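Dear colleague,

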Amino acid sequence: MVGPRSWIGGIFSRSGNRRYGSGKFIDFSLSPLQEQRLQQLQERLHVPFDETRADHQEALRDLWFAAFPNVALKGLISEQWKDMGWQGPNPSTDFRGCGFISLENLLFFARNYPASFHRLLFKKGGKRATWEYPFAVAGINVSFMLIQMLDLYSVKPRCFAGINFVRLLGDDEEAFDVLYCIAFAMMDAQGLVMRDSCMEFNVISLSLSLSLSLSLSLSLSLSCLITLDITLSYRRQIHYLCPQQEVLRVTRTQLERELSLEDVNRIQDLPAYNLLYY
């Protein structure tokens with residue numbers, strides 16, 4: 001599995017929400033329905049994943065069978081979970097980065113947009129590579145990104161994206177979960193678009209590495225040349241991980257733009273909503 005556990009959530013730790021003007025916060029009034037639904041959503045954010053709770057265990061099993069309906073699950077701790085993109089045999093260790101809501105998001109995606117869910121899970125469509133993002137861990141990062149982008153840990157969102165989202169939440173109590181599915185599909189689409197430039201960079205890097213190896217082989221011993229090749233290989237692996245950070249950043253920026261559109265009155269009005277049916 002690609003990347004350390006610190007990858008979960010860590011890529012957003014240094015980016016805050018964009019505020020209006022010169023650091024000023026936007027104040028606005030909530031309708032009773034918006035306030036109620038925002039509070040319910042915020043309560044979900046504070047529920048940690050508890051592997052001892054029967055309902056959390058059942059939700060995890062449901063996610064497995066939604067992803068692999070014809071494959072029997074050997075246990076809640078099993079090497080099988082790596083097939084879904086978890087970093088180890090125990091998914092509960094990955095949920096610590098975002099809590100139970102990240103599992104709810106994945107399960108909502110699987111149940112409500114199964115074709116899109118499986119397309120992303122099995123990396124269908126477009127030119128793919130073996131070093132692409134791990135599906136489940138990426139899903140947790142999408143949850144984390146949305147929570148920060150919408151400023152949901154504040155009593156009341158104080159950024160444009162959060163304010164516009166609360167308006168949509170008043171229209172649809174499932175707006176956050178639907179937005180999650182949109183964001184996941186957008187992240188995948190952005191990754192495919194950006195992949196070509198990444199691959200071009202890797203081809204150039206590989207060419208330079210080979211040239212350097214040939215030049216040094218004239219003066220270095222065989223053992224030194226092997227050490228050099230290992231170092232270059234390691235540096236290329238690090239490069240493969242870095243583009244995912246940029247993909248998520250670009251995805252966040254695009255979502256913020258779409259949420260600011262004046263003709264978006266429902267979550268389904270977001271232009272990227274169509275990606276769920278691509």
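A nonpolar core is here a set of buried Ala, Val, Leu, Ile, Met, Phe, Trp, Tyr and Cys residues joined through side-chain atoms within 4.5 Å, where buried means under 20% relative accessible area, with a 1.4 Å probe and protein chains only. This is a predicted model, in which local features need pLDDT of at least 70 and side-chain atom pairs count only at pLDDT 80 or more, while totals for chains, interfaces and linings use all residues. Residues are numbered from 1 along each chain as its sequence is written, and side-chain values use heavy atoms, without hydrogens and water.

The largest nonpolar core has 69 residues, of which Met-84, Leu-146, Phe-165 and Phe-184 touch the most other members. Its largest share, 13 residues, comes from helix H9, helices being DSSP runs of H or I with at least four residues, numbered from the N terminus. Leu-146 has contacts (heavy atoms within 4.5 Å) that include Phe-176, Leu-179 and Leu-255.

Phe-165 is among the buried residues of H8; because 9 of the 12 residues of this helix are buried, H8 is largely enclosed by the rest of the structure.

The whole structure holds 16 aromatic pairs, meaning Phe, Tyr or Trp rings (for Trp the six-membered one) with centres within 6.5 Å, stacked if the planes are under 30 degrees apart, edge-to-face if over 60 and tilted otherwise. Trp-64 and Phe-68 form a tilted pair, at 4.5 Å centre to centre and 45° between the planes. Tyr-113 and Tyr-273 pair edge-to-face, at 6.3 Å and 85°, and link parts of the chain 160 residues apart.

Best regards

How values were computed: Buried means under 20% relative accessible area, exposed over 50%, partly exposed in between (1.4 Å probe, protein chains only). Helices (H or I, at least four residues) and strands (E, at least two) are DSSP runs, numbered from the N terminus. Lists of a residue's contacts leave out its neighbours within four places in sequence.
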